[in-house]
Amino acid sequence: MNEETQAYLKSAQKQQVNELIEWLRIPSISTIPAHKPDLLDAANWLIKNMESSGLENVELIETDGHPLVYADWLHAGPDKPTVLVYGHYDVQPVDPLELWETPPFEPTVRGDDLFARGASDDKGQTFIHVKAVEAFMQTEGALPVNIKFLVEGEEESGGAEIAKYVPKNKEKLAADVCLISDTGIMSPTQPIITYSLRGMWAGEITVMGPTSDLHSGMFGGAIHNANQALAELLAALHDTDGRVMVPGFYDNVTEMTADERAVLAKVPYGDKELLAISGAPAAYGEPEYSVVERIGARPTLEINGMWGGYITEGFKTVIPSQAHAKVSCRLVPDQEPARIGKLIDDYLQELAPETITVKVESRGAGAPAFLAPMDLPAIQAAARAYGKVFGTEPVFKREGGGIPIVGDIQRELNMPVVLMGFGLPDDNLHAPNEKFHLPNFWRGIETAMVFMEEIVG
Ligand code: BES
Ligand code: MN
Ligand code: MN
């Protein structure tokens with residue numbers, strides 16, 4: 001990168017942050033129906049900014065859910081690679097609101113950090129690529145590669161609409177590589193290449209006992225309590241080491257090779273870091289795997305919420321008629337989401353005593369896991385870009401979170417996917433006081449630019 005470009009980037013920093021702040025003010029929470037107009041506003045804001053940044057064919061794509069945004073710049077020439085940038089403009093809900101030091105949609109800079117919902121996940125990281133395009137246009141008047149953008153507004157709610165759109169628009173989205181910034185790095189000086197994401201199956205379990213709540217004096221001892229029955233079923237899902245007890249659950253799980261385990265052993269993250277960042281008293285889970293492996297390469301079954309009976313103020317001697325749990329699994333290659341849902345259902349039906357009935361309902365179609373070979377040329381280009389900008393070679397890591405559309409991009413569009421993220425482990429994703437470390441934002445813009453140069457070769 002030449003001096004003129006360096007100087008431009010330095011001089012543009014403040015303006016780039018001010019623009020991002022405007023976008024972050026729009027409360028584009030995709031999982032809450034009342035925010036629907038805000039998603040449209042956030043999409044339209046992005047469109048305006050993409051246009052003024054030099055992108056072309058900028059388009060709002062209506063869907064049955066929240067709109068997609070498409071844009072491109074295709075003048076590098078047919079001999080140059082085409083990069084497809086994916087991102088998401090929707091954000092997570094903000095509760096508990098009282099724990100935010102400054103309101104989630106009043107973006108605030110404190111020290112080196114910009115605090116707001118979506119600052120890191122994923123408006124801030126998506127914006128990196130728009131500003132990288134702008135920087136090239138402002139300094140060179142052109143990009144080294146052809147570029148396309150596809151930005152969705154439903155990632156945090158499962159990505160159903162983009163999953164319909166992608167297979168129907170293979171031609172339009174055709175590219176040599178998909179580049180995504182929606183993951184993290186280890187520290188401001190230690191980049192990470194994420195080469196795997198976990199998939200997901202989610203559902204709800206309902207235990208049904210008597211047809212209505214009952215007086216626990218008149219019926220207690222002779223009727224199975226639905227809350228208790230649910231607890232008994234949920235307790236049978238894991239052994240004491242945290243292994244999932246659902247028969248067949250691990251059938252298709254691909255084991256890591258010794259080489260891969262050696263790569264993951266280099267990630268500077270262990271029990272100490274895990275406990276410091278989570279505040280938990282001790283680590284949990286399969287003892288034969290490191291915490292990095294447990295989080296990235298092993299599947300889980302989590303109980304996300306449970307309710308039933310009387311839970312508000314006061315006291316009520318009741319036998320509940322129904323009890324509920326929301327559950328979800330993080331999946332690894334090659335577990336199939338639908339099959340996992342069926343295995344859980346079968347197991348619970350098998351376990352359920354005759355005193356209750358149990359129902360398992362899937363929520364959405366789920367998403368398979370994503371895994372890329374570490375030696376892909378596009379991934380190596382990203383590694384070089386990180387190395388040049390951060391001054392440190394990246395480590396390679398598997399991430400436990402997921403981005404539902406990634407597997408489809410890889411399979412349906414038949415292109416390598418590079419996860420080049422800039423978040424930090426303490427960015428408070430999905431939690432109060434989400435933030436983006438501004439030096440990562442600016443370095444992200446530079447890394448995105450160097451990636452484009454590196455991919456040209
Ligand atoms: N950006 C995250 C995925 C992620 C999380 C990457 C942590 C790296 C570290 C993404 O926005 C996300 O939150 N995904 C959801 C998907 C779900 C709601 C379908 C997830 O993983 O829970
Ligand atoms: Mn995200
Ligand atoms: Mn997220």
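User: Does Asn414 count as exposed or buried?
Analyst: Asn414 has a relative accessibility of 66%. Buried means under 20% relative accessible area, exposed over 50% and partly exposed in between, with a 1.4 Å probe and protein chains only. By this scale Asn414 therefore counts as exposed.

User: What kind of model is this, and which atoms do side-chain values use?
Analyst: This is a predicted model, in which local features need pLDDT of at least 70 and side-chain atom pairs pLDDT 80 or more, whereas totals for chains, interfaces and linings use all residues. Residues are numbered from 1 along each chain as its sequence is written, chains are lettered from A and ligands numbered from 1 in the order in which they are written, and, with hydrogens and water left out, side-chain values use heavy atoms.

User: What is the phi value of Asn414?
Analyst: Most residues other than glycine have a negative phi. Asn414 is found in the loop between helix H13 (406-412) and strand S17; helices (H or I, at least four residues) and strands (E, at least two) are DSSP runs, numbered from the N terminus. Although Asn414 is not a glycine, its phi is positive, at about 55°.

User: In which element does Asn57 lie?
Analyst: Asn57 is not a glycine, yet it has a positive phi of about 50°. Its place is in strand S1 (residues 56-61).

User: Which residue is joined to Pro96 by a cis peptide bond?
Analyst: Most peptide bonds are trans. Pro96 belongs to the loop between S3 and S4 and is partly exposed at 32% relative accessibility. With omega near 0°, the bond into Pro96 is cis, and the residue it comes from is Asp95.

User: How far apart are the C-alpha atoms of Pro96 and Pro432?
Analyst: Along the chain, these two prolines are 336 residues apart.

User: Which residue pairs with Trp23 in a tilted aromatic arrangement?
Analyst: The whole structure holds eight aromatic pairs, defined for rings of Phe, Tyr and Trp (its six-membered ring) with centres within 6.5 Å; planes under 30 degrees apart count as stacked, over 60 as edge-to-face and the rest as tilted. For Trp23 the centre distance is 6.0 Å and the angle between the planes is 50°, and its tilted partner is Phe127.

User: How many residues apart in sequence are the parts tied together by Trp23 and Phe127?
Analyst: Trp23 is buried at 0% relative accessible area, and Phe127 is likewise buried at 0%. Because Trp23 lies in helix H1 (residues 3-24) and Phe127 in helix H3 (residues 123-139), the pair ties together parts whose separation in residues is 104.

User: Is the pair of Phe390 and Phe422 stacked or edge-to-face?
Analyst: The ring centres of Phe390 and Phe422 are 6.3 Å apart, with 10° between the planes. Phe390 lies in helix H12 (residues 377-390) and Phe422 in the loop between strand S17 (417-419) and strand S18 (435-437), and both are buried. The arrangement is stacked.

User: Over the ring of which residue does the charged end of Arg110 sit?
Analyst: A charge sits over a ring if NZ of Lys or CZ of Arg is within 6 Å of the ring centre and within 35 degrees of the ring normal. The charged end of Arg110 is 4.0 Å from the centre of the ring of Phe115.

User: How long is the polar contact between the side chains of Thr102 and Arg110?
Analyst: A polar contact is a pair of N or O atoms within 3.5 Å; within protein, one must be able to donate a hydrogen and the other to accept it, and residues adjacent in sequence count only if both atoms are side-chain atoms. Thr102 is buried, at 18% relative accessible area, and its side chain is joined to that of Thr108 by a contact of 3.5 Å. Its contact with Arg110 is 3.2 Å.

User: What share of the area that ligand 1 exposes alone does the protein bury?
Analyst: Oxygen atoms of ligand 1 lie 2.7 Å from a side-chain N or O atom of Glu155, 3.1 Å from one of Glu156 and 2.7 Å from one of Arg330. Alone, ligand 1 exposes 510 Å² (Shrake-Rupley method, 1.4 Å probe), and the share buried by the protein is 83%.
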